[in-house]
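I opened this notebook to record what I looked up in the structure. The entries follow the order in which I consulted the model.

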Amino acid sequence: MSESQTIKKTLLLLTQEEMDLIDLWRLENRFTSRTAAIRALIGRGCRDYFSEDEDDRGTTLIDVQDEAPSVSG
């Protein structure tokens, strides 16, 4: 496997509302797993962000928060 194909792991903290939206999108778009749906959404977001048409930027499923949700523990 080349360096660009190496799978990296990361921890993603989401609110219940964000998880519900991802699950809804996953089911509507017939993804078999939540992981596949999240990867697709990240890919779409990156393509939108780096698109040449700056007017398309900022159209997201979930409003991005500046701060991570608090973790109780």
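**Entry 1. The chain as a whole**

I began with burial: of the 73 residues of the chain, 12% count as buried, where buried means under 20% relative accessible area, exposed over 50% and partly exposed in between (1.4 Å probe, protein chains only). I noted that this is a predicted model, in which local features need pLDDT of at least 70 and side-chain atom pairs count only at pLDDT 80 or more, while totals for chains, interfaces and linings use all residues. Residues are numbered from 1 along each chain as its sequence is written, and side-chain values use heavy atoms, with hydrogens and water left out.

For secondary structure I found two helices and zero strands; helices (H or I, at least four residues) and strands (E, at least two) are DSSP runs, numbered from the N terminus. I then looked up contacts, defined as heavy atoms within 4.5 Å. Among those between residues at least 6 apart in sequence, 31% join residues at least 24 apart.

**Entry 2. Helix 1**

I checked the length of helix 1: its 13 residues reach 18 Å from first C-alpha to last, close to the 18 Å expected at 1.5 Å a residue. The expected span is 1.5 Å times one less than the number of residues. I listed its buried residues as Glu18, Met19, Ile22, Asp23, Trp25 and Arg26. Seen down the axis of helix 1, these fall within an arc of 165°, so they line one face; the arc is that of the directions from the helix axis to the C-beta atoms. The face turned away from the buried side carries the exposed residues Gln16, Glu17, Leu27 and Glu28.

**Entry 3. The loop**

I next examined Arg30, which lies in the loop between helix 1 and helix 2. Arg30 has a positive phi of about 60° although it is not a glycine. With a relative accessible area of 74%, Arg30 is exposed.

**Entry 4. Helix 2**

I made the length check for helix 2 (residues 34-49) as well: at 1.5 Å a residue its 16 residues should span 22 Å, and its end C-alpha atoms are 22 Å apart, which agrees. Its buried residues are Ala37, Ile38 and Ala40. Viewed down the axis of helix 2, they fall within an arc of 160°, so they line one face of the helix. On the face turned away from them I found the exposed residues Thr35, Arg39 and Arg47.

**Entry 5. The helix pair**

What covers the buried residues of helix 2 includes helix 1 (16-28), and what covers those of helix 1 includes helix 2. At what angle do the axes of helix 1 and helix 2 cross? I read roughly 95°, with the axes coming within 9 Å; axes are lines fitted to C-alpha atoms, for helices over the stretch in contact, and angles run from 0 to 180 degrees between N-to-C directions. That makes helix 1 roughly perpendicular to helix 2, a class covering 65 to 115 degrees.

In this contact, Met19, Ile22, Asp23, Trp25 and Arg26 of helix 1 meet Arg34, Ala37, Ile38, Ala40, Leu41 and Arg44 of helix 2.

**Entry 6. Arg26 and Ala40**

Arg26 counts as buried at 18% relative accessibility. Not counting residues up to four places away in sequence, Arg26 touches Phe31, Thr32, Ser33, Arg34 and Ala37. Ala40, leaving aside its neighbours within four places in sequence, is in contact with Trp25 and Phe31. Ala40 and Arg26 are 14 residues apart in sequence and 9.4 Å apart in space, C-alpha to C-alpha.

Technical notes: Parallel < 35°, antiparallel > 145°, perpendicular 65-115°, else oblique.
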